Every structure is written in structure tokens, then in C-alpha cells.
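These are my notebook entries from going through the structure. I looked up the interface, the salt bridges and the model confidence.

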Amino acid sequence: MPEIRVTPLGAGQDVGRSCILVSIAGKNVMLDCGMHMGFSDDRRFPDFSYITRSGRLTDFLDCVIISHFHLDHCGALPYFSEMVGYDGPIYMTQPTQAICPILLEDYRKIAVDKKGEANFFTSQMIKDCMKKVVAVHLHQTVQVDDELEIKAYYAGHVLGAAMFQIKVGSESVVYTGDYNMTPDRHLGAAWIDKCRPNLLITESTYATTIRDSKRCRERDFLKKVHETVERGGKVLIPVFALGRAQELCILLETFWERMDLKAPIYFSTGLTEKANHYYKLFIPWTNQKIRKTFVQRNMFEFKHIKAFDRAFADSPGPMVIMPGYCVQGTVGHKILSGQRKLEMEGRQVLEVKMQVEYMSFSAHADAKGIMQLVGQAEPENVLLVHGEAKKMEFLKQKIEQEFRVSCYMPANGETVTLPTSPSIPVGISLGLLKREMAQGLLPDAKKPRLLHGTLIMKDSNFRLVSSEQALKELGLAEHQLRFTCRVHLHDTRKEQEMAMRVYSHLKSVLKDHCVQHLPDGSVTVESILVQAAAHSEDPGTKVLLVSWTYQDEELGSYLTSLLKKGLPQAS
Amino acid sequence: MDPECARLLPALCAVLADPRQPVADDTCLEKLLDWFKAVTEAGSSLLLLQEHPCLVELLFHALRAQDLSPRTLSFALRLAGVFAAQENCFQHLQQGELLPGLFGEPGPLGAAAWVAPSVRSGWIQGLRSLAQHPSALRFLANSGAVDTIFSLQGDPSLFVASAAGQLLVHILDLAMREPAEGRVCPQAWDWPVCARKIVCHLEDCLRSDAAPRVTQALHVLTTTFGHCHGLWTQGLWVQLSPLVACLLEKDPMPAPHTLVDLLLSVARSSVPSSDPGLWETVAQTLTRLSPTQAGPLAAGILKLQDCPQALRIQAFNVLLQPLACVLEAAAQAPATPGLLEGAAGDPMAVDTLPPSKSACVGLLCSALAHLELLQPLPQRPSPWPQAPLLAATVTILRFCNGSAAPSSEAGGRLCTMLVGCVRVQRAALDFLGVLSQGLGPQELVTQVFAVLLEYLMSPDSSPMVLKKAFQATLRWLLSSAMPPGCCDLEPCAQLVLGELLAMLQKRLCSPCWEVRDSGLEFLTQVTRHWGGQASFRQVLLASELPELTRQLLQDPESYVRASAVAAVGQLSSWGLLAAPSSPEQPAIPQETPLEALLLILTTDSEGFPRRAVMRVFTEWLRDGHAEVAEDPERFVAEVLRAAGKDGDWEVRVQGLELALVFLERLLGPRGSSAVAPPSVTARAMRALCQVQLFEFAFRSLFDCDRPVAQKSCDLLLFLRATATPPGSPQEAGDRPNVASVEAALRRWRAGEQGQPLGELAPEAILAVLRSMDLEALRDTLAKSSDHVERSPQSLLQDMLATVGVLGDNEADCY
């Protein structure tokens, strides 16, 4: 039974470490290969032993697809390709390919430099891994092999983020990765065509949230920053999600310009600076406004925002920290949870005197956006990943009710199996096609019609040919099938006389047909043969044997019913 | 447990027991469990529970509460298992009826929470932890838990099903370990009840018509024979092998991959010594499996240390067969020697490859991969058919790039299937590279180089294929050295080298950065090996490669710049970068390689090329590069000055590595434990002061990046051990002024930048070195920078602090 199977190794009823295995028409694809930032041991990466159990990784997997550069979607990639041993192709968009190594290097720095980990992937491994990447353009159909093809769609979320359609024959799966259905200050909204996949695998971070107006959030944010700066204070915004940093930079830059503010803004010289370089480069991936204006002014060339240098640090002042989500085990997490005393290295204790605010600027689709995407793509089934179980449950019901499709939410390690009805391509012989055309009807995709032929399966291919050609190719002789019927008539005359009467009767009734009386005494009408014989037990009864081919079935039946009514009396 | 944690524990238990207080995330509970494991491993669990009754209360609460979240319930189950791993604590919990409650019918098993995979997983992991002693075994046998484990083998969650299987193996091993002591292979009727129950279940599964049940049993058996080494495993095989044999005879064979895994697991265990019939079973299985299914079994057999020769030949033929088919399909007069011809008495006919493209590609790739892994092993088959394997691999590559013109119909079909197939190209190039370890007839070696050149030159080769072609070519060039390890190449390789370099010129101009990078990596390697060989030098200098490499120092892609730096470093080491000059056309003055690389070190915006420069400089200093040797002190001073200011911690670490090489040049190698004579030390100290190594090393000691500080600590410890032997008295009446150095150190320790140290007296440095507690600093640096945040105390504080604020700060990571 053909089927699509989906097994999340990560992101199944949780957020973090996205890694989803999809089997479609015999092809195996890994969607994302992320890390979990909450762990520093083996648990940070998906458990790949469940794939290696099926033999060599490179033999088992046909390709890996990375949706975007965030580490919870690509952080395990060098480990997977250079340490676990996957040697096949990796697909991602060009901006993802450019920015991915920056984040992986940063991750390595944290692991090796800050946490002192040995046996971590090296810079050379990151490079070797990136050399296995095949870059894909938006809306370009890429053939992974003869049967498997993929296509990327714009996902918003971060620069280069893409949704991927995976297609084998007529079966297809769409994986959204992370996406945003609302345009922001530097990116457009996610979009997909009505591709009607068998399955849509969608993220569901905000499965139950209808987000408030972005304008309000931005206004609040700017107000808080402005107030603090006006008071002579400083604002620290530790944005660890690349892409959000650029969004906030544009927001601040525009505000500074509008308000003619002079207070300096700095961004950290590490990651953001490096990534900015690519943001300036990949303008076609941004929103319409930035694309329109970039000739006059590249929005990522900030006037007010400068690279930060440690030398700028001076006497402490009031400060507001507004980080994004921070994982346990970090100072950010402590501050965010309201701890006012922090123990630092060497038993030094710092008092937190600043005001702490949490404001979410993450670029995920909310529940409304997810529903909108499902409506856009019109899938046959939906599968939720990258979200919390309770919230998924709510969204699942909503999707099932509204779209009348099945919705699944497997936990990590659980497999969802969907039966499919694949369409099998069949080649048609030229001869048969010509014969059909000769009947004067041109093929029309919108008007299917019946076509008679013989289906031949040879070398794993299907071909429709005329029956004559099929016999020839298969070296078979033609057999004819004849239907036979006996009609009993009460008549004492001899068989020859009887046959003569049948001939005369049929000749008079079937004027348009060729009725013949053969020398052997039998009568034919087209392919129909009528023979008269004596009844073995009753000499007063004659038996008419009527036989016909299947092509003349209609005439044969008619004739039989005619004879059953009896012959006219001789004049 | 430290007092602060003990103080926080009751509050934490209360939070965990309160369903209205959701826990921040499951990582916190995982880390909490890690901590409890560490605590119980270090001491008595019973004592821990007695000292902290809140823990038992929490477990009781988990038993009674109906509304506990699945993740907290799962945590409680696992925690109970951790405590019950110690027998006295197990009995304590048993008396309180806690364990039957948690792991028996009254607990989550019968509750609604059981639908959550995390709860089922927690239940299994809890049992896995507690199954450590005879009391646990009795508990498992009497509580009905084993039956639940049987059913969990078919769980919809891969993780739960797999854990259930592993738990069965663990219980079986635990049960059999006790009575088997001192006895050899007890008979089945002697086995403990628990073990008999599991074996009966396995027998039922193996007899079952349901494929998943068969697979589950096979998985359990594979793990058993792989992990349990008691003699009882031999008895187990005697008991179960007839059932396995029945499975092997079924048509179609159920779960062939899993059966292969089981047979290999048994073959690697002690079973073959007691059951020689196993080999017969394996041999029959090899013939019954399809070529694709038989490959892993054949490869596994060939990796065994000890197995009958006839079986090895049979297995090897399975792996060779696809390649033999290729050779046969390509056969032209005069016929290439066949792969399977030498196998005397082999009844296997050379069959055709699978008709479908994907099956054929899959079979070829796996055969090539198995042979690639086999080639370097000492137990690989002997004689190794090097020549036919080479011929087959070259043929496959030719089919793939369309350069083969097979005359046979089979060859034509194969060609159609393989042409342009990147998967097969990659596998074949990898295998071809490995085959360079053996010799081959000259004619074939020529063909190898020819096909490699075809790939390297072809515009159709993908970047990944090109990279593999470069790697294979390098391996073949290295193996063509005459005698091995020498610089001279065989004439054919010599000839190829010229063409290779011409090709390389084009590849270095590729628009694809991956190709430019692979080309530069290749150039670096060939120069490293043949940079001293006259003919190579001649060809290289006549080409535009040195100039192109120089230009690539400005490549827009940082990876390529880094590879160009390595290539320039290597070319320059062999004097292959000098601008050509002639009387008519005097050389245009160019910046020297040293100047060019220094410019990259000081100006390149990316860390990768700067790190590459530091590696080259370290190598140059170690190997005595001509330009460096002119004035090594000035060179070191200049490089350290640049590295010290670098924002990339790895560049600074590399700077310290270079400083260490410089130190070794002056004071002798590390690890010799010899103390340098005073005159040498004095001279060295003067030189070190002159290059301002101490300024760099002392600043690095307080670097915010730990590896830098650690490396500096190592360097200074080495210097102190060599220059100031322990117990050496300081010269009386000559106390140097160390105040300025110590003041600077204090400033740097506090994180201030401060003024440079300026001119330093060697004596002052030595005195400071003697007074510093570098060992203590090294111990501090060995801890990770977030060790405070990762401590159990911090974890407990964080979990308590998140209570109430969680709703506001949702997990919206990224």
C-alpha cells in the first residue's frame, strides 16, 4: 500500500531541535537538522541512531533540506554530515547557505570557547559540511534525482527562510519550517500556491495565539527605549535570534531619524555585524519597501547604529534589558525570571538594579496565519510540529473543523502513516494514439474519454498499446471468444429446410445486414453463425445453435431474441 | 548535597507537585534528574530520602494526583527509579507501597496520562534504573510489569518501543546473571521465572504471523547477543535457533534487515564456538537474500575475525557480484579479467543487475561502500582482486560520465541508467581513492588517472564530485611515489601532474566557491609533497598558478581566502611564489608573501582567513621559512602584536601557539623536563622581552575567552619550569622591581585595558612568574565559563524563580 510516513526526531510536540523524517514514495528526506539550546550533552542533537539502524545514512537518505539558518533548524548539520557520516546532498536557499556558517561558527565558539567542550565539530567540518550544500532559488523546481523534486517558497520569518514542497510523482508534502504570514519591517509575508499537497507539515509555535497589533508592540518598545534614553539611561537589547536584531535596528533607525535623536546606538561586533553584510547583499529576499528604496538607500546601511566596541563601556547607569526567550542555564534566564541577585564567577554577587521588560518580536505565524496558510495550500492532511502539545491540540481541532481534513500532531519518535493513491505514469504507443486521432478527436485534458488498448508492464514501465501490437510484442497468438446460445423451436421439418427458413426470415428482417446461406447449410449474419440441428431426444424439435463474437454482441443478442419468437409460418 | 540546595529542595518539590505551576521547560526536569543521579551515585539514596522527606512526598503526590502534567509525572517515575536502584532504598520505597503504586496498575498505567508518550517513556526509564538487584527482579516478576513491557514493544513511539526492547534485554541479562555464576550454559528449564517468561514471549513473537511482532523479537535478540556476554546466551541460541531458521526459510522472508542484524550479532558472540551449525545457516541465508539485502550480511561476515573460509569466499562474491556485472556488461575484446573468475567452484552465475534504475544505483553504491570499508581492514579477503576492482570502478565512472561506449545491450542499458548519476559517482570516487592503497598494473593505473582527469576537467562534474575527484587524485599521486614516501613520481603520474596543474588553473577561476576552495586545498597538498621536485617546480612555475593563488587572497568568499592563505604559505615555503624575472623584463616589485599575509592578518574582516595566516606563520617559524629566518624576532614581535589585538579568540590562541614555538626554539622542546642553562635562559629572556611576548602572554592570561587564558597559562608554566627550576634561590641583594608588572596584572585581571607594560627587565618577569599561582589559575580555567549558571543550586533557584512569570515569557525561541 503506498503511503507517506512522517517521524519527528525533534519538534514533535516541542519547540527546538527540529528534525523530521519523511518517507514519500520510497524516498527518504530529512527536514531540518537542528540543535536544542537547552542541553550541552548528547541530548542537544536529535538521536540519529534511529536512522543509522536502517543501514548506511547516505544510502538511506535521499537528501536533507534546511528551511532557514536558525540553529534549532541547522545546528546539528555539521555533526550529522561530518561526524555521523551523512555524505549526500543538503538543500537550502542562498541566503541560508551564506549565513548558516556564521551561526554555526558562533555556536562552536560558545561550545568550545565558553563551555570548554572537546570533541565538538571544527571549523573545517563546518566548511566541509557547507560544501555539500546545493543552493535553491525560490520557485525553482530542483530535481534531486529522476523521481524526487523539491521547490522552495518564500516563508518570511528570517532572511532566506523557505517552505519546501517535496514531490515524487503525483505525491507531495509541503514543509513550512518557521514562517510568518505578516510582513514586518524588512521581510515580506510567507506565500505558497494552491499546490494541494497530500500533507502539509506546519510549525505551530503560536497555535493558540492571535497576536496583538505589531504597531502597538513597536510603539511600546520605542516608548520604553526613548524614555530610558531621555532619562540618561542605557538600553541593552540582547537579541540572540539573528534577523530580529536587523528588524529592531531598522525600527530604531527610523525612529531616531524621525525624532532626530542623537543618543548613539551600537550593535555587537560579532554575529550581527557579520550577518548585516549578507542582509545588504540579499535585498531580493526582503520586503517590497526595502527592495524599492535600496538603490537610493540600503536600509541595512545604518546611519545611527554603529558597531560596538568594548572601549565605549563607561560608568554604569539605569538600564532596561529586553531579551527574547532565554534558556535555563544563562544569565539572561535569571534576569528574565526576576532574580535580583546574581552570583557570578568567584562568588561575586551582583545586584540587578535595572528595570526588566520582556517583549516578543519573534516572527512566527499566529493561529490566524497558520489557518490562512492551510487555506492557501489546500492540503489533504495537516501535521503540526514545532509547538507545545496542549496548544497543538486546540489548533488541530480548529483545522479539522474548518477544513474537513485530518490533522496530526505526533510526539517525537511517533510515526504518522498516511495512505496515498499514487498515479502511475503510462506511456501510450504512437500507433494507438494516431488511431485515436484518426477518429477526429483531439486530446483534451479537460475532457477525458475512454481509450481501448492493452496495458503492458515491462522493465518496470507501463505502456498502453493496441491489442495487435501487444500480441506481436508478447509473441502470443490471438484467440477468439464466441458466445453461444441454443434456441429450441418446435418444427418437424429437416435441418436443411429449417436453415433455409431461418435464412429467408433473417434476410427479410435484417435488411441492412449481410445475411448468407453457406453451402454447409449454416446461416451467417456478419460474424453471427446459425446452425440447425435435430434434438437428440425429441425429433419434433429442432435446435438452432447461435454463436457470435464479442464485437457483435448487440446483434447476436437481438438475433437470438428474434429467433426465440419463432419463425413465420410458410406461405 | 550542599546546604543551599537542601534548603531550596522542599520549595521546589512543592512547586513540582502543584499542577497550577507549570515547569519552565522539560530541560529543567532533565537537568534536575541528572543532578539526582549524580547525588545518588555519590552516596546513599536511603539517607537522602530520610534527610529530605519532601522527595518521598513528591513521589506519593505523583501517585495520587490526577491532574499532574505528563512531564512532571514522567519525571517522578524516573526519579523513583533512580532512588530504587539501591536495594535498601528500593525496600524502603517498597514498604511504603510506593513502587507498586507507581509502576503497577494503580499508577499511571491505568490513568489517562498513559496516552502521553513521555509518561510511558518515564515509566520504562524508571524501571530501567531500578532493575539493578534481585529484589527488583522479584518485583518485576510479581507486579506484572513485564507484560506491560511486552505490550510497549509495539508502542507507536519509536523511542518508547525501542526503550521497551532494551529494558527486556536488561531484565533478561539481570535474571540470567545470578544463577549462571559458576555454571556453564544452564538449560532452559533451569532459568529463572522472569527469564523464562521473556524467552517464551520471544518464542511466541518469532512464531507469529504479524511482521511487527517478529521484528520486535528480532531486535531484542540482536541487542541480547550484542550486549550480553554470559555463557547463557549459547543456551538461548540453542533454544531459539530453530525458530529463527523457520523465519529464514519463509518466502518472502520477514524482516530481512533485522534477521541479518541478528545473524551478525550472533556470529560476533560466543555462540559460534558452541554451535558450528550457525555458519551453515548464515551461508544459506546469503543465498536466499536478494543482492541488496545480502550486502550488509556479506560485509559483516568479512569483518569477522574468525569464520570459515568457504563462507568468506561466498560473502566476498556477494559484494563483488554487482561489480562483476558491470565488467561483464562493458566487456569488449580483449575481455577484461572478470571479478568472479578466480572463485573456484563458485556456483554463482554472473547475474544481471536489477532492472530498475533506483535499485541498480542503490546496489552499486552499497557494494562500493562495503568494499571501501573492507579494503583497509587486516582481515580483508586475500587475495584481494585489486586489478579487476580497479577496472570495474573505472568502468563505473566511465558509465557515469558517458565516456564509455559499451557494445553490448546490457552495457547500453547500464550506461543509460548511470549516466550523470552523482550518487554513484561519489561512491565510486571514494572507493577509487581507497584502492590507491594497493598496486595495479601500469595500464590500469594510467586508466585511473585518465578517468580522474576526465572528471576534473568535465564541466558537468558537480562541486561535491570534483572534491572527491581531487581527493582520489591526491591519494593516487601519493601512492605513485617511487619508492613510497619519496618525492619522485612514476612517469605516468609525472605526466598527469602537468595536465592536472593546467586543469587546476581553470578550476581556480570557477564561479563556484566550493570548486575554487577544493582546487586550492588540492594545490596545497600537492605542493606540500612535491614542492621540492624539479619537474613539478618547473611545471608549476611555468603556469599561472602562483599568481592565481595570490589573487585568491582577495577572494570574496572567506573560506576561499583561508585556503588561498594555506596555499600561499606552502608555495612560499618551497620558494614557488617568486615573481619570474628575465633580463628583458625585470620583475615588478610585489609585496612579499609575508607582507601579503600580514596584511590579511591585520585587515581581513573574517576570522577564518586570519586563523589560516596564523597557522602558516607558526609553520614557517617551526620550519625556518627563508623570509622569517632573516629576522625571526622582528617577525614574532610583529605577528604577536597583530594577534594580540585580534577579536577572534582562535587567532589569539594561534598567537600563543606561535609564541610557544618561538620559546621552544630558544629553550628546547617541551616535555624534555630539562632545565636550560643560565646563559641560555638569559639570552632567551632578553629575546622574549624584546618581542614583547610577556605583554601578550600576561594579557592573554586574563582574556575573556578561556582557551586563550588556558593556553597562556600553559605557556607560562612551561617557561617557569624551564627558566626557573623549583627551589632555585633568587639571587640575594638583587630584588627586581616587580611593582609595575604586578599592578598591570591587577588591572588586566579586573578587566581594564590599561597601558602597555613597556620595557621589562627579564629578572622582574622571572620574579613575577615565581610569585604567580599559575596552577590554581589553570584549575579555575578548566571550569566552563557558565559553571555557576549550570550548577544545581542555580538550577533550583531558576526553577523556583520562574514560578508565576512563565505565562508572560512564552517559549517563542527564535
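Entry 1, the interface. I count two residues as in contact when heavy atoms lie within 4.5 Å. On that rule, 75 residues of chain A are in contact with 64 residues of chain B. The model is predicted, so I kept its limits in view: local features need pLDDT of at least 70, side-chain atom pairs count only at pLDDT 80 or more, and totals for chains, interfaces and linings use all residues. Residues are numbered from 1 along each chain as its sequence is written, chains are lettered from A and ligands numbered from 1 in the order in which they are written, and side-chain values use heavy atoms, with hydrogens and water left out.

I looked up the buried area, which is the accessible area (1.4 Å probe) that two parts lose on being put together, summed over both. Between chain A and chain B this is about 6,200 Å², and carbon and sulfur atoms give 49% of it.

I then took salt bridges, defined as a side-chain nitrogen of Lys or Arg within 4 Å of a carboxyl oxygen of Asp or Glu. There are 15 between chain A and chain B. Helices (H or I, at least four residues) and strands (E, at least two) are DSSP runs, numbered from the N terminus. On the side of chain A that touches chain B, β1 (3-10), α2 (57-60), α3 (71-74), α5 (94-114), α6 (123-130) and α11 (331-336) of chain A each supply at least two residues. The largest share of that side, 8 residues, comes from α5(A). By class, the side has 21 nonpolar, 25 polar and 29 charged residues. Here Ala, Val, Leu, Ile, Met, Phe, Trp, Tyr, Cys and Pro count as nonpolar, Asp, Glu, Lys and Arg as charged, and the others, Gly among them, as polar.

I found D41(A), R43(A), E30(B), D34(B) and R78(B) linked in a network of salt bridges. In the bridge of D34(B) with R43(A), the closest N and O atoms are 2.3 Å apart. E30(B) forms a salt bridge with R78(B), with the closest N and O atoms at 3.0 Å. That pair links distant parts of the chain, 48 residues apart: E30(B) is in helix α2 (residues 26-42) of chain B and R78(B) in helix α5 (residues 70-84) of chain B.

For exposure I used relative accessible area: buried is under 20%, exposed over 50%, partly exposed in between (1.4 Å probe, protein chains only). E30(B) is buried at 19%, and R78(B) is buried at 9%.

I noted a salt bridge between E117(A) and R44(A), the closest N and O atoms being 2.6 Å apart. E117(A) counts as buried at 16% relative accessibility, as does R44(A) at 9%. In D491(A) with R493(A) the closest N and O atoms are 3.1 Å apart; D491(A) is buried at 9%, whereas R493(A) is partly exposed at 27%.

pLDDT is the predictor's confidence in each residue, from 0 to 100. For chain B the mean is 87, and 89% of its residues reach 70 or more. Over residues 342-350 of chain B the pLDDT is below 50; beyond near neighbours in sequence, this stretch has 11 contacts in the model. For the complex, the predictor gives an ipTM of 0.90 and a pTM of 0.86.
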